[in-house]
Amino acid sequence: MRGVLARRLLLAVPTLLALSFLIFALISLAPGDPATEYARRTSPGGEVTPAQVDLAQRQLGLNRSFVVQYGSWLGGAVQGRLGRSFSRQTPVAREIRERLGATAELAAVALILTVIFAVPLGVVAAMFHRRLGDHVLRVFSLVGASTPGFFLAYVLIIIFAVRLKVLPVAGKQGVDSVVLPAVTLAVGPTAVVARLLRSAMLEVLSESYIVTAYGKGLGRLRVVVVHGLRNALIPVATVFGSIIGALLEGSIIAEVVFAWPGLGRLVYEGISERDYPLVEGLVVFAGLAYVIVNVLVDLSYTFLDRRISAGASL
């Protein structure tokens, strides 16, 4: 198990290298000049001269060639250093550590909400196939998966923060402040997982061992939950890596709208401020997190179905 896990993580190294090079190249081609922004930010009057811009380029290392800049950044990244933020003049790794907890909290609550609602919805829809419960789930799946996150966020704000005044509109002020951004993140994945689980359950419930379980006199609920659900969760687990990736991606919209102090908002701030090292570090960190999550998802197959070996799943 350990050897297979180590081999899978080693295979992720070329992926992360390609990702880092690609984001480094794309950012270098982006419009705007971070040296000018930096000089303007540090200038008392807000107006800069060409000499100040040249000085800023030397201070930020932007006067060097692309290859030298990328090589220097990569050498530091291997040692755990992701560069220094242009706008904050602090290590990028420190900025990530300070914001990671808020994003992890938001993603964890959204993931819990997804599981709590998606699993019962998928099971009920399969049990009542082509009946009212199934039709309701299909409508919810269509609406939930197609509703833009920013639109849903503003609808929730209008209803629960402006009209009803029962939840805070922005900031990380207490336990209730995580509700609206977490629901915004959870609606789309809940719709996708519930629909996928419904399809998997319908396939599993038609298997011969399910018919045998009914023949032994077992109750319908026990057959569905004990014998059917566990096997139906295998294809659902396959997409959970993508679901968590979608939560990280969607957190940018949710954190900006709800002023949540996490990594998503930090990405937005880094792009707005043309803070190249900050954006590069955040993207590579997100890629690393995505790889680790997918490895854990692969390992989960052996727990859901003991017939699957760790070597086969990885």
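1. Is Arg265 buried or exposed, or does it fall in between? Arg265 counts as partly exposed, because its relative accessibility is 26%. Here buried means under 20% relative accessible area, exposed over 50%, and partly exposed in between, with a 1.4 Å probe and protein chains only.

2. On the basis of the note: this is a predicted model, in which local features need pLDDT of at least 70 and side-chain atom pairs count only at pLDDT 80 or more, while totals for chains, interfaces and linings use all residues. Residues are numbered from 1 along each chain as its sequence is written, and side-chain values use heavy atoms, with hydrogens and water left out.

3. Arg265 forms a salt bridge with Glu269, with 3.4 Å between the closest N and O atoms. A salt bridge is a side-chain nitrogen of Lys or Arg within 4 Å of a carboxyl oxygen of Asp or Glu. Arg265 and Glu269 are four residues apart in helix 11, so about one helical turn separates them. Helices (H or I, at least four residues) and strands (E, at least two) are DSSP runs, numbered from the N terminus. Glu269 counts as buried, at 15% relative accessibility.

4. Glu269 also meets Arg88 in a salt bridge (2.5 Å, N to O). This pair links distant parts of the chain, 181 residues apart: Arg88 is in the loop between helix 4 (66–78) and helix 5, and Glu269 is in helix 11. Arg88 is partly exposed, with a relative accessible area of 23%.

5. Arg88 forms a salt bridge with Glu273 as well, the closest N and O atoms being 3.2 Å apart. Glu273 sits in the loop between helix 11 and helix 12, 185 residues from Arg88. At 28% relative accessibility, Glu273 is partly exposed. A network of salt bridges links Arg88, Glu95, Arg99, Arg265, Glu269 and Glu273. The count of salt bridges comes to seven.

6. Two packed helices are described by the angle between their axes and the distance between the axes. The axes of helix 5 (residues 92–127) and helix 11 (residues 263–272) come within 8 Å and cross at roughly 135°, which makes helix 5 oblique to helix 11. The contact involves Glu95, Ile96, Arg99, Leu100 and Thr103 of helix 5, and Leu263, Gly264, Arg265, Leu266 and Glu269 of helix 11. Axes are lines fitted to C-alpha atoms, for helices over the stretch in contact, and angles run from 0 to 180 degrees between N-to-C directions. Angles under 35 degrees count as roughly parallel, over 145 as roughly antiparallel, 65 to 115 as roughly perpendicular and the rest as oblique.

7. Arg198 lies in helix 8 (residues 179–204). Arg198 is buried, with a relative accessible area of 7%. Leaving aside residues up to four places away in sequence, Arg198 touches Gly122, Ala125, Ala126, His129, Asp134, Leu137 and Arg138. Contact means heavy atoms within 4.5 Å.

8. Leu296 is found in helix 12 and is exposed, with a relative accessible area of 52%.
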